[in-house]
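Work through the exercises below with the sequence and the model at hand. Each task is followed by its solution.

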Amino acid sequence: MTGVTLADGVAAILLLALTAYAVLAGADFGGGVWDLFASGPRRKAQRTAIAAAMGPVWEANHVWLIFLLVGLFTAFPTVFAVLSTALFLPFTIALIGIILRGAAFTFQAHGEEAVGELAPWGFIFGAASIIAPAFLGAALAAVAMGAVRSSGAQSVTAGWVSWLGADLALLAVALAAYLAATYLMVETEGDPPLQADFRRRAFGAAMVSGILALAGLALTWRQAPLLWSALTGRGLWLLIIALANGPIAAFAVWRGSPRIARVAVAAQMVFVLWAWAVGQWPALVPPDFTIQASAAPETTLRALVITIAVGMVVLAPSLWLLFHVFKGRNPAATVTNPSP
Amino acid sequence: MDNVTLSRAIMGTSLGFHIVFAVLGVGIPLLMLAAEGIGLWRHDPVWLALARRWSKAFALIFAIGAVSGTALSFELGLLWPGFMAFSGSIIGLPFSAEGFAFFIEAIFLGLYLYGWDRLGPVAHWLTGVPIAISGAASSVFVVMVNAWMNSPTGYQAVGNRIVRVDPLAAAFNPSTPTEDVHMLVSAYLVSGFAVAAVYAAGFLRGHGDALHRRALPLAMVMAVVASGLAGITGDTSARFVADDQPIKFASQEGLFPTTAGAPLHIGGIPLPNEHRTVLAIEIPHLLSWLLKGDPNATIKGLNDFPRELWPNILIVHFSFEIMVGLGLALGFCGVLYWLLALRRRGPPTDRWMLLALVVAGPASVVTMEAGWFVTEFGRQPWIIYGVMRTSAAATSTPALGPTFAIFLALYAALGLTLARLLLLLAQRERRRAAVDGTRPRP
């Protein structure tokens with residue numbers, strides 16, 4: 001086979017997992033952000049809506065990350081090892097954020113009825129929901145700009161402690177908040193004032209992430225030539241779609257069409273990620289690691305694809321059932337007080 | 001501390017923390033299913049109330065298990081990049097399968113927890129079935145990886161480069177059958193005794209209502225069946241280890257010279273520098289007889305192996321003694337409970353029996369952790385037995401000391417908060433039951 005190989009196929013599957021994690025778990029992190037910044041006369045209702053939306057699905061959304069990690073070390077073990085070494089600090093900090101976020105949400109959701117407001121955990125839930133996507137975003141910046149090298153003898157802050165790293169960290173948080181607010185617009189369709197709260201938040205997040213994205217492009221142009229050539233090379237058409245879709249999504253939010261906005265905002269996340277991934281193909285971690293050269297032996301890749309195919313047969317209908325039961329027509333109208 | 005020690009400390013703490021929730025994640029869903037199933041079958045609201053109550057506690061336990069499990073999948077790379085670069089492609093298959101099992105578990109847990117009032121009774125019960133199955137499957141898959149570290153098979157390497165992989169042969173390596181089954185039954189053992197301890201404590205404090213009279217026997221069924229199976233599979237495991245990793249076997253038995261007609265050491269302190277175990281109760285010929293069925297059979301001792309390949313004999317031997325000793329005590333406790341229950345025609349409420357059950361809960365956790373100590377410390381100095389040294393696998397990052405401190409604090413905070421919440425939840429349920437009258441809310 002020329003051109004696209006089995007390794008490329010596996011890399012594409014991993015990109016889909018990353019996308020699913022960003023679009024689904026990203027919104028859960030965003031929920032934490034809005035929990036932290038809940039304000040105004042309906043702050044309690046805002047928090048309740050966030051908890052009701054996240055409760056049944058956040059753990060399943062979180063598993064996409066596990067899926068991604070396992071797929072990465074199965075199919076590209078050396079890359080997994082190199083990334084874990086080079087990005088030890090941002091990964092460890094993000095991990096602590098992920099642990100605290102999940103624990104804090106659960107303590108709140110299931111503990112509140114027993115003890116009422118659970119002093120530090122409410123704050124921890126929000127703070128950790130910012131830390132985790134921020135440091136994952138910064139780590140992604142290090143990968144995209146080509147700072148993770150095969151030599152290994154680099155500083156522990158290489159790449160991610162940079163202007164672009166900071167920008168992508170903030171962008172990750174802003175996009176997560178944007179996603180969450182638009183999803184919550186759909187979830188609160190039965191409660192117009194509450195929906196208006198989330199519409200304002202979504203629009204604010206749209207503006208902030210738009211500015212950060214444009215700043216990121218400028219920074220890329222000035223400071224990350226490798227990423228710039230990826231985005232303006234093979235990834236250009238996706239970048240253009242992203243740039244065109246951005247205003248559409250923001251307009252849908254502004255107009256208050258939650259269902260269109262939900263799709264458009266999720267698509268924005270997808271286009272941004274894919275512009276980067278498609279742009280840097282055939283590199284997995286540029287410039288030293290190509291998909292082809294860092295792939296595991298063929299038998300492993302085949303076994304992984306078969307496992308995923310078989311797994312999907314069970315997983316897909318299960319996921320459908322979960323979202324069908326809890327994210328159907330108008331869940332907010334029926335989820336009043338989830339009593340597990 | 002050096003990086004290898006710190007990496008082991010962080011990994012060991014993370015695993016030791018996670019596994020408590022992991023095993024409860026295997027066993028409690030089965031108890032929930034049983035309780036809800038009986039409740040539906042007999043139209044008994046008390047059984048249903050019990051299942052609902054367990055599901056609340058389980059929501060907390062599962063979430064902590066999920067986040068601490070995430071820590072592990074990161075830490076494989078963060079702490080052991082050398083190990084993962086070498087073995088990722090070999091052991092990826094069971095890990096991916098475990099990923100799917102975890103996915104299914106998380107999805108149906110969402111349905112089960114939030115579906116009590118949204119799904120029909122039978123549909124709700126059915127959403128619990130995949131939780132119980134995938135919980136057990138997760139354990140089976142993930143222990144395959146540890147088994148492979150004990151018996152690395154299914155690959156060809158040239159130097160550090162993997163050139164051929166047979167993922168199925170790696171997953172179903174020689175250690176898999178014994179290790180997997182022993183761990184699975186141990187998970188049910190811990191779940192059974194842990195739940196039983198909670199209700200035994202309730203009885204002791206005078207809360208022995210209808211709910212307690214159903215919960216305790218159900219948990220004790222699981223506990224006693226699992227202890228029997230754990231004994232049998234433990235014996236098989238020990239025999240396998242004697243063949244497969246004779247040095248681990250000699251360490252756990254504290255046997256230094258290769259001996260014909262080897263004695264069994266009960267207790268005692270192995271003194272590696274003096275090549276002997278002192279202060280042990282020695283039963284002549286018993287080890288040879290137990291292992292080979294021949295009281296004069298020869299058993300390989302530690303002296304036959306180069307000193308640099310010895311694990312920490314003291315830890316391995318103590319852990320083994322604790323596991324076997326407590327394991328036997330737990331089995332005895334389970335049998336005693338049922339003998340009393342049969343005589344009393346109901347859950348025995350004798351104070352000493354209940355006290356023993358309260359102790360048995362944490363003791364079962366200690367037993368399981370001690371078992372992992374035997375496996376893990378006994379495999380040292382190897383991370384992949386006979387192939388890769390632990391020292392060659394660890395990360396070189398300079399930040400491990402603070403990382404260890406942070407994780408210790410993190411796990412302490414999570415553990416304490418969880419314990420506090422579970423207690424408060426139980427108190428509130430009791431108050432609610434008291435308000436509703438003698439009948440707990442269905």
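**Exercise 1.** Find which residue takes a positive phi in the hairpin of S1(B) and S2(B).

Solution. Two residues lie between the strands, and B:Gly159 has a positive phi near 65 degrees. Strands are DSSP runs of E with at least two residues, helices runs of H or I with at least four, numbered from the N terminus. S1(B), residues 155-158, pairs with S2(B) in the antiparallel sense over four bridges; pairing takes at least two DSSP bridges. B:Val158 stands opposite B:Arg161.

The model is predicted: local features need pLDDT of at least 70, side-chain atom pairs 80 or more, while totals for chains, interfaces and linings use all residues. Residues are numbered from 1 along each chain as its sequence is written, with chains lettered from A and ligands numbered from 1 in the order written.

**Exercise 2.** Describe the side of chain B that touches chain A.

Solution. Count first: the contact takes 61 residues from chain B and 58 from chain A. Contact puts C-beta atoms, placed from the backbone, within 7 Å. H2(B), H3(B), S2(B) and H13(B) each give two or more residues to this side of chain B. H3(B) gives the most, 23 residues. By class, the side of chain B divides into 40 nonpolar, 15 polar and six charged residues. Nonpolar means Ala, Val, Leu, Ile, Met, Phe, Trp, Tyr, Cys and Pro; charged means Asp, Glu, Lys and Arg; the others, Gly among them, are polar.

**Exercise 3.** Is A:Val63 buried or exposed?

Solution. Buried requires 20 or more other C-beta atoms within 10 Å, exposed 12 or fewer, partly exposed in between, with C-beta atoms placed from the backbone. A:Val63 has 26, so A:Val63 is buried. A:Val63 sits in H3(A) and touches B:Phe102, B:Phe103 and B:Ala106, not counting residues up to four places away in sequence.

Technical notes:
Two residues are in contact if their C-beta atoms, placed from the backbone, lie within 7 Å.
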